[in-house]
Amino acid sequence: MYGSAASRSDRWRQSMAEGRKRNPQGVERLGYIGLGLMGTPMTRRLLKAGHQVTVWNRSEGKMAALVEAGARRAATPRDLMESSDIVFMCVTDAAAVEEVIFGAEGISTAPGAGKLVVDFSSIHPDAARDLATRLLAANGAGWIDAPVSGGTKGAEEGTLAIMAGGKSSDIERVRPYVLAMARRLTHMGPTGAGQTTKLCNQVIVGCAMAVLAEATRLAVNAGIDANRLPEALAGGFADSIPLQLFVPRMVQGIHSPPLGHIATMLKDLDTVADVAQTTSTPVPMASLAGQLFRLAKAARGADADALEIYKLSAGCAEPTTAS
């Protein structure tokens, strides 16, 4: 759909040649904004791959360990933009993205012609398109929306799946750097397509969390060893990465570090509901999962691990002993 492997390779070489004109050494200067659960391990992988990385985070304390590992500390997003050719970003929500870009010392206040901003955050597709248009008008910088899937484990191990929206030439330009942080980068279409793909991902993951919590509770209440569900179901139709990863953490109460926050999953499922309404798409399962996460937020708190959805059903029945 987006050209043959040969044509993609040609575009990549062309984009790298253009980069060498801006930077005679042919090495792109990288920046990373947002050093949370995902941003910190992703930045570490860039540093381990030998890349020059400038970092900025709203909470300065999170920069210290990365600076010690070789990153350069930026005073503001503007400072980071001035010293970077490609800026990666992973922040909480669209409001945080807006502030980083268009705040008083934001990215948009620095010259951006020939530079790219790659947003790993999960935001509304409409917001991604709006931000891209406004940033291009403000300073000439290009935009790629590139939300990620794989959680903190994937970020640490470099096994993330990244789905991207933007120009093909821009995608190929950032590909070698992104693949230092991820296993897969898939170009899904124009700006906003990456965010829409991530919503599809969250429909599956959010519903999987709810369903696995239900299955795990049934096993516990029926008196069987729920820890053995992943082993028992491995290779069957119910097997999956979520089954193998989520169920042991639910049963054993392992929630630190969290795989993701309840508030983040709820935000994404609420966005699914909004896009579904505008596209006349029925999403009954995702809607139910969203309500369960809303209950989990009230019961466990916004910053609790999303897998604590399992705790909603605690005490629903007294466990029985298997005969």
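Biologist: Which helices each supply at least two residues of the lining of the second largest pocket?

Modeller: In this predicted model, they are α9 (193-221) and α13 (284-300). Helices are DSSP runs of H or I with at least four residues, strands are runs of E with at least two, and both are numbered from the N terminus. Residues are numbered from 1 along each chain as its sequence is written, and side-chain values use heavy atoms, without hydrogens and water. Local features need pLDDT of at least 70 and side-chain atom pairs 80 or more, whereas totals for chains, interfaces and linings use all residues.

Biologist: Which helix gives the most to this lining of the second largest pocket?

Modeller: Helix α9 does, with six residues. The lining has 14 residues in total, and Ala210, Val211, Glu214, Leu288 and Leu292 lie nearest the centre of the pocket. By class, eleven are nonpolar, one is polar and two are charged.

Biologist: Why are α5 and α6 called roughly parallel to each other?

Modeller: The axes of α5 (residues 94-102) and α6 (residues 125-139) cross at roughly 5° and come within 11 Å. Angles under 35 degrees count as roughly parallel, and α5 and α6 are therefore roughly parallel to each other. The contact (heavy atoms within 4.5 Å) involves Ala94, Val97, Glu98, Ile101 and Phe102 of α5, together with Ala127, Leu131, Arg134, Leu135 and Ala138 of α6.

Biologist: What makes tyrosine 32 and phenylalanine 88 an aromatic pair that is tilted?

Modeller: Three aromatic pairs are found in the whole structure. In the pair of tyrosine 32 and phenylalanine 88, the separation is 6.4 Å centre to centre, with 40° between the planes. Rings of Phe, Tyr and Trp (its six-membered ring) pair if their centres lie within 6.5 Å; planes under 30 degrees apart count as stacked, over 60 as edge-to-face and the rest as tilted. Tyrosine 32 belongs to strand β1 (residues 30-33) and phenylalanine 88 to strand β4 (residues 86-89), so the pair ties together parts that are 56 residues apart in sequence.

Biologist: How do you know that the peptide bond from serine 256 to proline 257 is cis?

Modeller: Its omega is near -5°. Proline 257 lies in the loop between α11 (241-252) and α12 (262-278).

Notes:
Axes fitted to C-alpha atoms, helices over the stretch in contact; angles between N-to-C directions. Parallel < 35°, antiparallel > 145°, perpendicular 65-115°, else oblique. 1 Å grid on protein atoms, 1.4 Å probe; cavity = no way out; pocket = protein on both sides within 12 Å on 5 of 7 lines; lining within 4 Å. Nonpolar A, V, L, I, M, F, W, Y, C, P; charged D, E, K, R; others polar.
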